[in-house]
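This briefing sets out selected features of the structure shown below. The points are grouped by topic for reference alongside the coordinates.

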Amino acid sequence: MQKILILGATSAIAQATARLYAVEGAAFCLVGRGAERLEIVAQDLIARGAAEAFCLEADLGDCEGHQELIQQGDTQLGGLDLALIAHGTLGDQTAGQADFAIALNELQTNFLSPVSLLTHLANLLEPRGRGALVAISSVAGDRGRQSNYIYGAAKGGLSIFLQGLRNRLAPAGVRVLTVKPGFVDTPMTAAFAKGPLWVGPEVIAACIHHGLAKGREVVYAPWFWRYIMLIIRAIPERLFKRLKL
Amino acid sequence: MSAYQSWGRFPRVEQDARPLSWRHQPLPLAGLEGPVLAYGQGRSYGDACLNQGGTLLTTRRLDHFITFDPQEGLLRAEAGATLAEVLTFCLPRGFFLPVTPGTRYVTLGGAVANDVHGKNHHRQGTFGRHVTRLELLRSDGSRTICSPQENRELFAATIGGLGLTGLITWIELRLLPVVNPGLAVENIRFGGLPEFFALSEESDAGYDYTVAWVDCLAKGADRGRGIFMRANHLDTPPGKAPKPPRRGLVIPCQLPGWLLNPWSLKAFNALYYHWPRREVVGQVLDPLGFFYPLDALDNWNLIYGPQGLVQFQCVLPMVDAATVLGEMLTLTARSGMASFLAVLKVFGDLPSPGLLSFPRPGATLALDFPIRGRQTWDLMAELTRLARQAGGSMYPAKDACLRPDDFAAFYPHHRELDNWRDPRFSSSFWRRVTGQEGQ
């Protein structure tokens, strides 16, 4: 039985991923905001076959409480096997450009908070010599673009952090998976017009499940984003700076 | 322009959408003036799932399971969960859907709101008969548990109530225990309607599932020919666990309308008719192919070209069903417009629980037509006239054409549903068939 800690358990991607493990009979500790939402997710996972689902209500933007939170989750599960970091916000780029306080908030949620959580998780798992850490980054972190470079910077920073962490934890046998979704149709992106590249959170969940089973390091979700980003990264900066992307 | 369409892609409407994600939250009505309507998968063909000038409350994320009781086979789940999701869950546990329509990509809420039926209507009746409870969230903020025992009238108004009585947040469904979801299927070729009715009568007692495909282009002596399909679940346990259902192939873009022409259709129908030998008996280990042949093409509605398609589905009292069906098939064949999805079935006499449920004893015929302007509308009007003359009825979930006087003749109780309707809920369909269009 897999014991899974989910941070940001009410996010659409986290829910879809958890369902795939619930069917296999996993046990969960669900961390997020809103006791009622957490309870709905817990019921859902139990009904689908999860062995257990504990809820811990917490504001993950607050790094102060992270160490205790990780401890608590680990204790409740009796030693976690897998931690998924899935919380995030997609802030308003224009507002963040005009007001640093808004940009800071975006960086806090999407970069500093996961970094803090990953630090505590790494220190917990490294001596045990087993376990896996998964964090949702984004293709937006692969190259800065005028339309969302604050979010992109946070996710890009997170991707680099995960890369380093993977390097550090590899000798100990702790795995680190970076997930880079493209356009995902979730409540976070409800306001966007959807094109053919959009997928549901179920598709991202399947990529995560598959990536973990296969022992992958970086998963683009769906797969074709690896090639889209390869092209986007290959455009010379001299040209790129004039593009409207 | 809203991205939300109905399955027939007609009519095109202007509407807003607000997503629902959590069942404990109140309806997001703040700042909305126009009417609202829950929208699940958009698999109704006409405008029953559309809301011109109003707002759709999309239930895609309202898809949590709540409880499952394996002893009773009772599943309680949010209304946005699809039948496909329920099947993925219940097949490995030895259960099947008690009633399923021809696609598994409908939501539980949609199945209730249209009180859908399936190939086992003669045995199990409509979907609503297997709903043990549901919760209704109304615009006044009230939450009401409805069941055949509590709040019976509101329950009856909600089953087949086209989503007009408020938002169905969750439903509780009694699943069908099966030893093996696989099927023993027989395909029998028949030469005309009398033969179809004889086969149907002979099969209803011994087979859980019966349905027929008719060649709606065949004329003269061949009129009413088709393939009769009957099946039972296998009674020996499956050797290995059934495979989880897969998503079908995707048609990458809209196909041109001329693909469906009289020659291509005639060729298809003739081939389909002659394919099985006189009587083919076989075991279908994957039940999904039997129940959902069209789900194998993810978005088959794009085959019908840019204008979209309309469906015609009626039920006719048994007394002159054969005669009227004959006239309908003659009309259809003469028009040369029909396509391959012509389905014929005899409904059983189990009463439908909904105030506005469509199924009732009689023979039901479903046809679909690509929209080609005047020609299509004239044919629809003519078919509707025949159904009305025969004392039949037509299916709201499929309809895009009915006028208020036809609707009133088919559903004399519809004023009663208006009394149970939530004042903030309405649909393009409802305003059209009750003559409130433009209001």
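This is a predicted model: local features need pLDDT of at least 70, side-chain atom pairs count only at pLDDT 80 or more; totals for chains, interfaces and linings use all residues.

P222(A) lies in the loop that runs between strand 7 (218–221) and helix 8 (225–234) of chain A.

**Backbone geometry**

- In chain B, F10(B) and P11(B) are joined by a cis peptide bond with omega of about -5°; P11(B) belongs to the segment before strand 1 (16–19) of chain B.
- D115(B), a residue other than glycine, has a positive phi, near 35°. D115(B) sits in the loop between helix 2 (108–113) and helix 3 (121–124) of chain B, and it is buried, with 29 other C-beta atoms within 10 Å.
- L162(B), also not a glycine, has a positive phi near 55°. The loop between helix 4 (152–158) and strand 9 (167–174) of chain B holds L162(B), which counts as buried with 26 C-beta neighbours inside 10 Å.

**Helix packing in chain A**

- Helix 5 (residues 100–125) and helix 6 (residues 149–169) of chain A have axes that come within 8 Å and cross at roughly 10°. Helix 5 of chain A is therefore roughly parallel to helix 6 of chain A.
- Residues of helix 5 of chain A that meet helix 6 of chain A include A103(A), L107(A), F111(A), V115(A) and L118(A); among their counterparts in helix 6 of chain A are I150(A), A154(A), L158(A), F161(A) and L165(A). By class, this contact has 14 nonpolar, 2 polar and 2 charged residues.
- Helix 1 (residues 12–22) of chain A is largely enclosed by the rest of the structure, because 10 of its 11 residues are buried. Among these buried residues are I13(A), Q15(A), R19(A) and Y21(A).
- The buried residues of helix 1 of chain A pack against strand 1 (3–7), strand 2 (27–32), helix 2, strand 4 (82–85), strand 5 (132–136) and helix 7 (201–213) of chain A.

**Helix packing in chain B**

- Helix 5 (residues 193–204) and helix 8 (residues 321–335) of chain B pack at an angle of about 135°, with axes 10 Å apart. These two helices of chain B are therefore oblique to each other, and their crossing is right-handed.
- L193(B), P194(B) and F197(B) of helix 5 of chain B make the contact with A322(B), L325(B) and G326(B) of helix 8 of chain B. The residues divide into 5 nonpolar, 1 polar and no charged.

**Nonpolar cores and a buried loop residue**

- The largest nonpolar core comprises 126 residues, and V112(B), I171(B) and V310(B) have the most contacts inside it. A second, separate core has 69 residues, including A50(A), A53(A), L82(A) and A103(A).
- Beyond its neighbours within four places in sequence, V310(B) contacts residues including F10(B), Y45(B), F369(B), I371(B) and M380(B).
- V178(B), in the loop between strand 10 (176–177) and strand 11 (183–190) of chain B, counts as buried with 21 C-beta neighbours inside 10 Å. Leaving aside neighbours within four places in sequence, V178(B) is in contact with G94(B), F95(B), F96(B) and H233(B).
- V178(B) and T236(B) are 58 residues apart along the chain, and their C-alpha atoms are separated by 9.8 Å.

**Contact between the chains**

- Chain A contributes 11 residues to the contact and chain B contributes 13 residues.
- On the side of chain A that touches chain B, helix 2 (residues 35–47) of chain A gives the most, with 6 residues. The residues on this side divide into 5 nonpolar, 1 polar and 5 charged.

Note on methods. Residues are numbered from 1 along each chain as its sequence is written. Chains are lettered from A and ligands numbered from 1 in the order in which they are written. Axes are lines fitted to C-alpha atoms, for helices over the stretch in contact, and angles run from 0 to 180 degrees between N-to-C directions. Helices (H or I, at least four residues) and strands (E, at least two) are DSSP runs, numbered from the N terminus. Angles under 35 degrees count as roughly parallel, over 145 as roughly antiparallel, 65 to 115 as roughly perpendicular and the rest as oblique. A crossing is left-handed if the near helix is turned anticlockwise from the far one by less than a right angle, and right-handed if clockwise. Two residues are in contact if their C-beta atoms, placed from the backbone, lie within 7 Å. Ala, Val, Leu, Ile, Met, Phe, Trp, Tyr, Cys and Pro count as nonpolar, Asp, Glu, Lys and Arg as charged, and the others, Gly among them, as polar. A nonpolar core is a set of buried Ala, Val, Leu, Ile, Met, Phe, Trp, Tyr and Cys residues joined through C-beta atoms within 7 Å. A residue is buried if 20 or more other C-beta atoms lie within 10 Å of its own, exposed if 12 or fewer, and partly exposed in between; C-beta atoms are placed from the backbone.
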